[in-house]
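Hi,

Here is the structure I said I would pass on. Have a look at it first, and my notes come after.

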Amino acid sequence: LGNCAGVVLSRRHRLPLVIEYNGSERWLASNWGTPLGMEKLAVMAEDACLRHAHLVVTVSEVLKDELIRRGLAPERIVAQPNGVDTAVFSPDRFSRDEILVLRKRYDIPADSVVVTFVGTFGPWHGAEVFAKCVAEMAQTDAPGLMARKLHFMFIGDGVRRPLVESLTAAPEVRRHVTIAGLIDQEETPLHLAASDILVSPHVPNPDGSLFFGSPTKLFEYLAAGRPVIGSDIGQIADVLEGCPHADQLGSDKADKPGAALGILVKPEDLAQLRTAINFLAERAEWRDAAGRNARQRALRRYSWDHHVAAILDGLDRVRAMDAVARKPVRILFNGLHSKSGGGLTYLKNILAFFVADRDADIHLCIHRDQQGDLPQETKGITIHFLDFPQGFWRLQMAEQIEVPRLARRIGADATFSPANYGPLTAP
């Protein structure tokens with residue numbers, strides 16, 4: 001936040017600057033945190049970073065569109081969803097015994113259908129939506145919940161955790177709920193493998209803007225080989241493409257999973273979330289097929305290898321683009337002192353090398369009286385003649401005034417004086 005160090009280091013060391021952009025700091029602070037005390041400076045720093053980045057990596061197309069509206073060239077943006085280590089989250093890592101041991105740790109019956117939420121209990125993750133649905137199911141359909149052997153697990157922590165706990169505090173609800181809290185990241189794959197259904201109940205942005213997130217847990221869900229119930233919103237809907245919507249359940253279209261990875265539900269719609277949970281709880285074969293589809297999609301599209309490859313492809317693209325579009329460096333050679341001997345020999349030879357460099361635009365400044373001393377081959381050199389009375393001190397004065405003036409007029413990037421003297425104010 002408010003940090004331009006990347007720009008400074010990129011310029012100082014002539015290295016490409018790649019920035020990952022997950023949303024405006026101003027927007028995040030205003031909508032999900034505390035408004036910034038020095039908002040204008042923070043936005044200026046953010047704009048500077050984006051303006052000077054060679055490549056900006058976003059995790060969604062919505063963020064890419066936002067950056068284009070902010071003036072970034074589309075070819076300098078890579079929009080690539082987050083990813084997952086598919087080997088770490090493979091369900092094949094864990095035996096049935098390991099799964100039963102984990103369930104026993106939480107006093108979850110071995111034959112339960114476990115529906116799990118993993119993530120931050122934050123403003124946009126929807127943990128409280130899941131909690132409201134669970135409470136409603138326990139309070140209005142206890143026999144159905146028992147018949148389906150449903151159990152609900154919440155894994156994680158965050159500002160909304162007290163709300164989740166209060167929503168599930170009633171005894172008739174809590175007996176069906178496990179709030180595991182924070183667990184070690186290394187334990188997450190086992191917890192997912194010990195689950196039967198995974199939920200991603202994300203909610204819309206509070207200001208009505210488009211949902212721009214790329215929930216990392218969604219990709220971990222897929223890699224775990226379990227069916228996913230996800231909000232029909234933003235990238236979640238894109239990732240779960242091909243899944244039936246909750247309002248289609250019971251129709252011929254949803255009777256068989258086909259290529260489905262799970263079920264899409266309207267954000268914050270408790271009835272649809274409940275319908276999706278009950279549908280999957282009653283259909284073990286449907287769940288298994290959707291879980292296999294989910295893992296295959298993670299392997300084909302959402303490994304970290306895919307993510308990194310997209311970034312490197314983008315970096316290669318902008319490097320090639322910059323090489324074509326790069327303006328040559330304009331160098332002004334101050335040859336006023338190169339009149340004889342080694343000085344003149346040096347100038348003639350060094351000019352030949354610079355003229356052959358396509359990245360250099362060479363200009364030579366000499367006195368008109370030196371015209372006869374020029375190299376025979378001057379093609380590719382722009383020559384500027386100065387005309388002033390000769391003499392040591394007159395030369396010194398003219399060099400300090402006329403050479404910087406010429407350098408500014410032609411837009412020189414650098415002035416090279418291969419002599420014992422040089423203009424102090426030239427670039």
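Below is what I found, starting with the ground rules and then going feature by feature.

This is a predicted model, so local features need pLDDT of at least 70 and side-chain atom pairs count only at pLDDT 80 or more, while totals for chains, interfaces and linings use all residues. Residues are numbered from 1 along each chain as its sequence is written, and side-chain values use heavy atoms, with hydrogens and water left out.

**The pocket**

The largest pocket holds about 400 Å³ of space. Pockets here come from a 1 Å grid over the protein atoms alone: a pocket is an open set of points where a 1.4 Å probe fits, with protein on both sides within 12 Å along at least five of seven lines, and lining residues have an atom within 4 Å of a point. Points are joined across faces, edges and corners, and the volume is the space filled by probe spheres set on them.

There are 26 lining residues, and Trp124, His125, Ser214, Pro215 and Thr216 lie nearest the centre of the pocket. Helix 2 (25–32), strand 4 (113–118), strand 7 (197–200) and helix 11 (216–223) are the elements that each give two or more residues to this lining. Helices (H or I, at least four residues) and strands (E, at least two) are DSSP runs, numbered from the N terminus. Helix 11 supplies the largest share, 4 residues.

By class, the lining has 13 nonpolar, 11 polar and 2 charged residues.

**Helix 11**

How much of helix 11 is buried? The count is 6 of its 8 residues, so the rest of the structure largely encloses this helix. Buried means under 20% relative accessible area, exposed means over 50%, and partly exposed is in between (1.4 Å probe, protein chains only). The buried ones are Leu218, Phe219, Glu220, Tyr221, Leu222 and Ala223. Their cover includes strand 4, helix 10 (188–193), strand 7, strand 8 (228–231), helix 12 (234–239) and helix 15 (284–301); contact means heavy atoms within 4.5 Å. Just after the helix, Gly225 takes a positive phi of about 70°.

**Aromatic pairs**

Rings of Phe, Tyr and Trp (its six-membered ring) pair if their centres lie within 6.5 Å, with planes under 30 degrees apart counted as stacked, over 60 as edge-to-face and the rest as tilted. That rule gives 11 aromatic pairs. Trp27 and Phe212 are edge-to-face, because their ring centres are 5.2 Å apart and their planes sit at 80°. This pair links distant parts of the chain, 185 residues apart: Trp27 is in helix 2, and Phe212 is in the loop between strand 7 and helix 11. Both partners are buried, Trp27 at 17% relative accessible area and Phe212 at 10%.

Phe130 and Phe152 are also edge-to-face, since their centres are 6.0 Å apart and their planes are at 75°. Phe130 lies in helix 6 (residues 127–140) and Phe152 in strand 5 (residues 150–155), so the pair ties together parts 22 residues apart in sequence. Phe130 is buried at 0%, and Phe152 is buried at 0% too. With Phe154, these two form one aromatic cluster.

Asp107 is exposed, with a relative accessible area of 67%. Another is Lys149, at about 55°, in the loop between helix 7 (142–147) and strand 5; Lys149 is partly exposed, at 41%.

Gln272 is in helix 14 (residues 270–281) and is buried at 14% relative accessibility. Leaving out residues up to four places away in sequence, Gln272 touches His245, Ala246, Asp247, Val265 and Lys266.

Finally, the cysteines: the structure holds 0 disulfides, a disulfide being a pair of cysteine sulfur atoms within 2.5 Å. For Cys133, the nearest cysteine sulfur is that of Cys243, 18 Å away. Cys133 is buried at 0%, and Cys365 is likewise buried at 0%.

Cheers

Methods:
Nonpolar A, V, L, I, M, F, W, Y, C, P; charged D, E, K, R; others polar.
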